[in-house]
Amino acid sequence: MTAQFSAEVDQNEYLPEGGRVVDAIVTVTAQGGDLREAGIAPSAAEVIMVDVSGSMGMPAQKIAEAKKATAIAIDTIRDGVAFAVVAGTTSAYMVYPPDARMVPASAQTKAEAKAAVARLRADGGTAMGRWLDLANHLFASQQAEVKHAILLTDGQNQHESPQDFQRVLSACEGRFVCDSRGVGNDWVARELRLIASTLLGTADGLEDPAELPAAFQAMTAAAMGKTVADVSLRVWTPAGATIRFVKQVYPQVEDLTGRRAEVSGRIGDYPTGAWGAESRDYHVSIEVEPDAVGEEMLAARVSLVSGGQLLTEKLVLARWTDDTALSTKINPQVAHYTGQAELAAVIQEGLKARDAGDVETATAKLGRAVQLAAASGHEGTAKLLARVVDVVDAPTGTVRLKKQVAGVDAELTNVRSVKTVRVKKKQEG
Amino acid sequence: MIGCPDHGPPSEPDHRFCEVCGRNLITGEPAPQPVATTRLSSRAADPTCPSCGTAYAGDEGYCDHCGRRRPVGRDHADLDLTTVAGVTDRGRRHRRNEDAIAIGRTGDVTAAVVCDGVSTSTHPDTAAYAAAEAGLAALLAALAGGTEPTRATLDGARAAAAAARATAGPDPGDSPPSCTYVSGIVTADVVTVGWIGDSRAYWLGPDPACLTVDDSVAGQLAAGRPLPPGLDADPASKALIRWLGADADDRDAQVVSLRPAGPGRLLLCSDGLHDYLSDPGALAAASSGQLIDVARRLTAIALDGGGHDNVTVAVLSSAASGGTPS
């Protein structure tokens, strides 16, 4: 069975007289069996990029765990899926196969690949754009529906200019999905979030190299579990309406507003990548021309499409009322995700101010972050923030910046700032 | 009779009807011939959006250009089948006409249904149209099949209730589409009405009278009937105690029949009329002439009085020559 998509809309459709802004949270859920078993999974291609810069050998445990993780990822690739392993330094070179192409996974090719990975040595610098460029080149010859890459780094992207890196990212956009992971103390959250945003993947940091094998296994398994490729969130809005923003808000915040591809005057597509059995939430905010009290309009039609096929569709409505009990009701989902998006923003702004030595702004922003994390029950973020600030009083957001902060704690807090939690929905009677 | 003159004896000796032509083998009567059935409804037929003028695409409930909700019914409609006629009008205050009217005839029997969308429910006009059209179709089909009017009235109301219930879709929400319902059937000698809610039926002829008792708090109190538990006995409260929709009870319609003492008219109306004019004698005084003219005249009375609500009027002609109330 192919994935079954369903969607739910949470909104307060009632607007006061003259009200213009319609906010809705659209929860999209894809369900399907284990497609690896079913034998009808879409074709896939997988590229693993492993950082083998000199620092990966300091301590030697990093390169050792990275090799172990890569071997586990190789084992997780479904037979028949085209794959390749790339080693990255200031340039990128093929680990397996030896020449710049991809080969179908089989017992034999997997064994050969693992043997090649075992021979890797750490030596050189870091230029992630080159790695992505080689991955893009490898994927270009593949017809696979789901193209997925894993990128592991332990350092800052020192050996190429930000402009060169951005240029490669733009060239890769829409070509494949990339999950990136940082290990050690020197990776930069901003760089990994940029890769994740542009290439519709996830970004995270691992505190201990020993977590690498499990992380690689999970990322590869998730990629192999993707059942529908190139899914777009399609938004229709009526004539005269403007889209304030379209954001993914769960499992992480990703502003898609600027990623719109026009389908027609009133319809735009926003890329969401490939889907397996999973659930994501989107916040759509529309400004409409007000109508008279008692009137109703369709403010947006939100659907998921893949390859011209409609997967699911929901309507976002606006109804004008003079009943203030209705129009002033704040939808809890909208409020929650507005808070989660603000949380991500204030963490990033606070850390940036802290890096720039602006103690006052950093304290205010990170204090607000602590307050929002506590109010929304976001324990993961609350714990990370506690590594960067001393919390005096969470409910009021009173904090002091810590004098000594391990560099990786700030990066972890930053890279995870976009991760959100869901509110527990009220049980239906 | 032991067999059909055209098709011989039945396959089993105890069969009462000929298997071939349906002739009654006991009485010798031939099977009833299919009768011509005609129906009209005030459902909107305009293919363009009244807000922006764009042609509607498909059958979606909203304009694909401006997003405005597509009206289900016409703002104003005149329906005329000579022996039954009706008018519906948006009125002067409401932005939409959420009343529905359907009229019809099968053979010599006329019928009409008026439904009033409950304005506090979601998309009440979808319930009103589903109920009016399904109710009229079912009761006419029953009448055409030889069912007597009281039974046909109940059949119609049940079909209407099911249709109104279905408009809520899989997720009815807090206030699913809801409406009132009143039907009228006029045969050669009997007038039969059925209702759920506060839309009314009046007999306008010898001894004019309101035939219905509003399913509202005020209506029940005025009729000396007990209120359902939990309701304040406020004689001014027009709050409905019964309606059609996904959140309605599934009790049958109330049914009343009348054998008129002489010719007259059966009037069905939404509260948009009887809030302005409810006295049977006054209504009867305004009910002479062509039926469509009567419907227009009564509608005009409501509009001239302020038109605070949608107003819908159906008028059926009864040529009964006399009898006694049943």
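Residues are numbered from 1 along each chain as its sequence is written, while chains are lettered from A and ligands numbered from 1 in the order in which they are written. In this predicted model, local features need pLDDT of at least 70 and side-chain atom pairs count only at pLDDT 80 or more, whereas totals for chains, interfaces and linings use all residues.

The largest nonpolar core holds 127 residues. Such a core is a set of buried Ala, Val, Leu, Ile, Met, Phe, Trp, Tyr and Cys residues joined through C-beta atoms within 7 Å. A residue is buried if 20 or more other C-beta atoms lie within 10 Å of its own, exposed if 12 or fewer, and partly exposed in between, with C-beta atoms placed from the backbone. The residues with the most contacts inside the core are M49(A), V86(A), A135(A), V284(A) and A299(A). Another core, of 76 residues, lies apart from it and includes L79(B), A138(B), A157(B) and L316(B).

Seven residues of chain B are in contact with ten residues of chain A. Contact requires C-beta atoms, placed from the backbone, within 7 Å. The chain B side of this contact has two nonpolar, two polar and three charged residues. Here Ala, Val, Leu, Ile, Met, Phe, Trp, Tyr, Cys and Pro count as nonpolar, Asp, Glu, Lys and Arg as charged, and the others, Gly among them, as polar.

Two helix pairs were examined in chain A. The axes of α10(A) (residues 359–375) and α11(A) (residues 379–388) come within 9 Å and cross at roughly 155°. This makes the two helices roughly antiparallel. Axes are lines fitted to C-alpha atoms, for helices over the stretch in contact, and angles run from 0 to 180 degrees between N-to-C directions. Angles under 35 degrees count as roughly parallel, over 145 as roughly antiparallel, 65 to 115 as roughly perpendicular and the rest as oblique. From α10(A), L366(A), A369(A), V370(A), A373(A) and A374(A) meet T381(A), A382(A), L385(A) and V388(A) of α11(A). Eight residues of this contact are nonpolar, one is polar and none is charged.

The axes of α4(A) (residues 128–140) and α5(A) (residues 162–172) also come within 9 Å, crossing at roughly 20°. These helices are therefore roughly parallel. Their contact comprises seven nonpolar, two polar and two charged residues.

In chain B, G86(B) lies in strand β3 (residues 84–89). G86(B) counts as buried because 32 C-beta neighbours fall inside 10 Å. A295(B) is 209 residues away from G86(B) in sequence, yet their C-alpha atoms are 5.6 Å apart.

Backbone exceptions occur in both chains. Most residues other than glycine have a negative phi, and most peptide bonds are trans. The bond from Y96(A) to P97(A) is cis, with omega near -10°. P97(A) sits in the loop between β6 (92–96) and β7 (103–104) of chain A. Y250(A) and P251(A) are also joined by a cis bond, with omega about 5°. In chain B, H123(B) has a positive phi, near 45°. H123(B) is partly exposed, with 19 C-beta neighbours inside 10 Å. D207(B) has a positive phi near 55°.

How values were computed
Two residues are in contact if their C-beta atoms, placed from the backbone, lie within 7 Å. Helices (H or I, at least four residues) and strands (E, at least two) are DSSP runs, numbered from the N terminus.
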